[in-house]
Structures are given as C-alpha cells and as structure tokens.
Amino acid sequence: MDTIVLLITLSAGVLAVHYKERLRTFVPGRPGSPRSLVDQSLGLARLELPDGWRQAEDLNDNASIEAINSLHGRHVIVISDAIEDFVPEMTVYEHSVNTRAELTANIQLISCSGPERRVIGGYDALQYEIEGFYQQTRIKYLHTTIAGRRAFHQVLAWATYSRYDRTAFDRLLTGFSELPELHVAAKMTEPSAIPVLPIHITPVSRYEVH
C-alpha cells in the first residue's frame, strides 16, 4: 500500500512540473521574455516594458515595436518615421493629424479628445484619446505622437472599452526612448490653430491592428 501511495505521489509531482512549464507560456511577462524592445529595422526607438507586458508579433506590419499585456487585454505598437522622409516644415501637429486620420478612417468614430501636451523620453509629445467601434467591438485608443530628434514616433496603445486603463498606458510610455544619433530635431512649432477631427483624408491605412 505504501508503495502505491509513493508511486501516486511521484506521478503527481511529475505531472505538476510538466503542467507548470506549460502554463508559463500563457503568463504575460513570463521569465525569458525581453523587457527592453528595440526597433530592429531602423534603430530609432526603444521601449522598456513594465511588469505584465511582453513582446508581441503580428499586431501591425508597419510597427517596429509591438507588445501585449495578455492578462488585461491591452496592446501597444510603435511606428517610427525618420525625419528625412518629410519636408523640413513638418511638425508634430501635422504628423499627428495625418496618422489619426489613418486610424479613424478604419473605425466608426465615437469621440476624440485632445490634444494633451506632454514630455515623453525627453521630447515634446501630443496625445489624443480616441474611441470607436471596429467590427462591432468598442475600442479605446491612446494615440501619442513624439517629436524626436531622429523621427516622429507614433505610440498607439489600445484595449476594449472596459479594459482601457489610461494610467497603465501612461506608465508604459515612461519606458519610451529614442535611440541616439546626431540629427536635426523634429519641429514643435505650434500652428495658429490645431485641426480638429474628423479629418477628410483617406490615405492607405497602416492600422490593421485588431
């Protein structure tokens, strides 16, 4: 009898170890996941992930950095556009207008609030909160445009309406930094008036992120 109990105990222990290893693959921010994500394509940006976040894939084809908090259903991507790709007069306001137009062209827009001016990673930034329906799902976004020295960086964070947490997304943004290189700073000159959404521009979308 003692032998049978011992065998059952050993078998249970082996199964527990086996399933513990399998369960780790479903835990966000698991050990072994990179905590510092770097733009590998252009070398323009870095994002340090807080607890609970891990690297993601296939959220957006144009994103250089992608991450997810699986437990809370939150996502973030970073798309960096080199300064050299724009006319010298391009400002962070205009860049924000254009990229928000791409986003809102693909959702049923409910509201857009902003701009809020912030400093992120040592650079001036604009933020908007955007809410809308995508394929009958209510989504809320935090759209951030950062005027770096080397690039304009879009940081788009989103979740379903009930899982959206502005504080969590702002905490995530404290981990953003632009990778260094000597370039001309992006312009932050404020125009006389900031355009208000909706924008009637329909460029090819880069926001198939759902």
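Contact here means heavy atoms within 4.5 Å. Phenylalanine 169 is in contact with Trp53, Arg74, His75, Leu142, Ala157, Trp158, Ala159 and Tyr164, not counting residues up to four places away in sequence. The model is predicted, so local features need pLDDT of at least 70, side-chain atom pairs count only at pLDDT 80 or more, and totals for chains, interfaces and linings use all residues. Residues are numbered from 1 along each chain as its sequence is written, and side-chain values use heavy atoms, with hydrogens and water left out.

Start with the sheets. Helices (H or I, at least four residues) and strands (E, at least two) are DSSP runs, numbered from the N terminus. Two strands pair if DSSP finds at least two bridges between them. Seven strands form an open sheet in the order β3-β4-β5-β9-β8-β7-β6, with antiparallel pairing. β3 and β6 stand at the edges; each has a single partner strand, so one side of each is left without a neighbour in the sheet.

Now take two pairings within this sheet. Five bridges join β4 to β5. Isoleucine 68 stands opposite histidine 75 in β5. 10 bridges join β6 to β7, which run antiparallel. These two strands form a hairpin with two residues between them. In its turn, glycine 121 has a positive phi of about 65°. Leucine 109 stands opposite glycine 132 in β7.

Isoleucine 110 is found in strand β6 (residues 108-120). Its C-alpha atom is separated by 4.7 Å from that of glycine 132, 22 residues apart along the chain. Leaving aside neighbours within four places in sequence, isoleucine 110 is in contact with Glu131, Gly132, Phe133 and Arg138. At 40% relative accessibility, isoleucine 110 counts as partly exposed.

Another open sheet has three strands, in the order β1-β2-β10, with antiparallel pairing. β1 (36-38) and β10 (176-178) stand at its edges. Each has a single partner strand, so one side of each is left without a neighbour in the sheet. Three bridges join β1 to β2. The bridge partner of leucine 37 is leucine 47 in β2.

Helices come next. Axes are lines fitted to C-alpha atoms, for helices over the stretch in contact, and angles run from 0 to 180 degrees between N-to-C directions. α2 lies across β5, β6, β7, β8 and β9, running at about 160° to β8. α3 packs on the sheet and touches β5, β6, β7, β8 and β9. The direction of α3 makes about 30° with that of β8. α3 is mostly covered, with six of its eight residues buried. Among them are Arg166, Phe169 and Asp170. At the start of α3, a side-chain oxygen of aspartate 165 reaches to within 3.0 Å of the backbone nitrogen of threonine 167.

What lies inside? A nonpolar core is a set of buried Ala, Val, Leu, Ile, Met, Phe, Trp, Tyr and Cys residues joined through side-chain atoms within 4.5 Å. The largest such core has 22 residues. Val76, Phe169 and Phe176 have the most contacts inside it. β2 (45-48), β4 (65-69), β5 (74-82), β7 (123-134), β8 (137-147), β9 (151-160) and α3 (166-173) each supply at least two residues of this core. Apart from it lies another core, of 15 residues, among them Ala63, Ile77, Leu103 and Ile107.

Finally, the aromatic rings. Rings of Phe, Tyr and Trp (its six-membered ring) pair if their centres lie within 6.5 Å; planes under 30 degrees apart count as stacked, over 60 as edge-to-face and the rest as tilted. By this rule the count comes to three aromatic pairs. The rings of tryptophan 53 and phenylalanine 169 have centres 6.4 Å apart and planes at 55°, so the pair is tilted. This pair links distant parts of the chain, 116 residues apart: tryptophan 53 is in the loop between β2 and β3 (54-55), phenylalanine 169 in helix α3. Tryptophan 53 is buried, with a relative accessible area of 3%. Phenylalanine 169 counts as buried at 1%. The rings of phenylalanine 86 and phenylalanine 152 have centres 5.6 Å apart and planes at 85°, so this pair is edge-to-face. Trp53, Tyr164 and Phe169 form one aromatic cluster.

Key. Buried < 20%, exposed > 50% of the residue type's maximum accessible area, 1.4 Å probe, protein only. Polar contact = N/O pair within 3.5 Å; in protein donor to acceptor, adjacent residues only side chain to side chain.
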